[in-house]
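Subject: Structure for your files

Hello,

Here is the structure I said I would pass on. My notes on it follow below.

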Amino acid sequence: SRSGSRFQGANTMQEKHPASSHSRLRRRAWLLLVASLPLLGGPLLSGCQSALPSENETMESPWPTFDHAKNAYDLVIPNYTTVDELKELGFDPYTIPNVGILTYLDIIQRFIPNTSIKVEDLDEGIQRCIKAREACYAYEAAPSQTKKKRYGSVAADVMGFRKKTRITGWSFNALIVIIDDLVVYKIWGGVPNFVEHKSRKTPLGPLQGNKDVFKQLIP
């Protein structure tokens with residue numbers, strides 16, 4: 001009878017806490033998975049790089065590459081190219097997206113940022129622009145393209161232990177100053193090919209980035 005009562009008591013305790021053993025098993029499984037993922041991520045998943053996400057950012061413009069934009073810019077000739085010809089080359093804020101218009105006041109702030117720079121020190125085309133006042137304005141185009149691709153261990157990336165990103169692309173900037181309908185000055189700059197690597201490490205993986213997971217592992 002005593003053994004029967006002990007057996008009955010054990011059953012009663014199991015009935016009161018039916019999920020306790022399952023919770024412990026779940027926590028142990030999580031801990032084992034978290035601890036082993038950094039080791040599994042290298043050789044086991046080295047062939048799954050395509051599973052990592054990628055991202056493309058493109059400033060819409062008529063020029064798909066840096067060379068296309070630079071070639072169009074080179075065809076602009078100060079004191080010769082007209083506004084209609086600029087439109088054919090892709091420099092037109094009214095029909096082409098992402099082409100800005102600057103007033104002569106914007107141009108003054110751009111070329112004379114402080115009093116140490118005198119008007120007579122500037123290019124002749126800019127001097128003529130400042131004297132022309134409202135008759136002078138400028139077109140500014142800044143096409144660019146950026147590609148982001150994550151690489152490295154798929155498991156470490158997905159679980160948040162380590163994220164590596166390779167960023168590539170190009171950027172171009174052109175400023176074309178116009179008086180009435182005639183180009184009087186131009187200048188350009190940009191980066192034909194840039195490459196950047198970013199790496200972020202999170203030693204505790206999902207424990208640092210997900211509070212709900214942390215609460216499940218450590219009640």
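Helices here are DSSP runs of at least four residues, numbered from the N terminus. On that basis, Lys70 and Asp74 both belong to helix H3 (residues 66-74), and because they are four residues apart, about one helical turn separates them. Please keep in mind that this is a predicted model.

Overall make-up. The chain has nine helices and six strands. It is made of 219 residues, and 32% of them count as buried. Of the contacts between residues at least 6 apart in sequence, 73% join residues at least 24 apart.

Salt bridges. Side chains of opposite charge can pair when their charged atoms come close. How many salt bridges does the structure hold? There are two. One links Lys70 with Asp74, where the closest N and O atoms are 2.7 Å apart. Lys70 has 17% relative accessibility and so counts as buried, since the cut-off for buried is under 20%. Asp74, at 39%, counts as partly exposed.

The side chains of Glu140 and Arg110 also meet in a salt bridge, at 3.2 Å from N to O. Glu140 is in strand E3 (residues 136-141) and Arg110 is in helix H5 (residues 104-111), so this pair ties together parts that lie 30 residues apart in sequence. Arg110 has a relative accessible area of 42% and is partly exposed.

Surface charge. A patch of negative charge on the surface gathers Asp84, Glu85, Glu88, Asp180 and Asp181. Of these, Glu88 lies in helix H4 (residues 83-89). Its relative accessible area is 70%, so Glu88 is exposed, the cut-off for exposed being over 50%.

A residue in strand E5. Val177 sits in strand E5, which covers residues 162-179. Is Val177 buried or exposed? Its relative accessibility is 0%, so Val177 counts as buried. Leaving aside neighbours within four places in sequence, the contacts of Val177 include Ile107, Ile126, Cys129 and Cys136. Tyr137, Ala138, Leu182, Val183, Val184 and Tyr185 are also in contact with Val177. For Ala138, which is 39 residues from Val177 along the chain, the two C-alpha atoms are separated by 4.2 Å.

Regards

Technical notes: Residues numbered from 1 in each chain as written. Predicted model: local features only at pLDDT ≥ 70, side-chain atom pairs only at ≥ 80, totals over all residues. Heavy atoms only, no water. Helix = DSSP H or I, 4+ residues; strand = E, 2+ residues; numbered from the N terminus. Buried < 20%, exposed > 50% of the residue type's maximum accessible area, 1.4 Å probe, protein only. Contact = heavy atoms within 4.5 Å. Patch = residues over 30% accessible without salt bridge, like charges linked within 9 Å, V, L, I, M, F, W, Y side chains within 5 Å. Areas by Shrake-Rupley, 256 points an atom, 1.4 Å probe, with all protein chains shown as cover. Salt bridge = Lys/Arg side-chain N within 4 Å of Asp/Glu carboxyl O. Lys, Arg positive; Asp, Glu negative; His and termini not counted. Charge placed at Lys NZ, Arg CZ, Asp CG, Glu CD.
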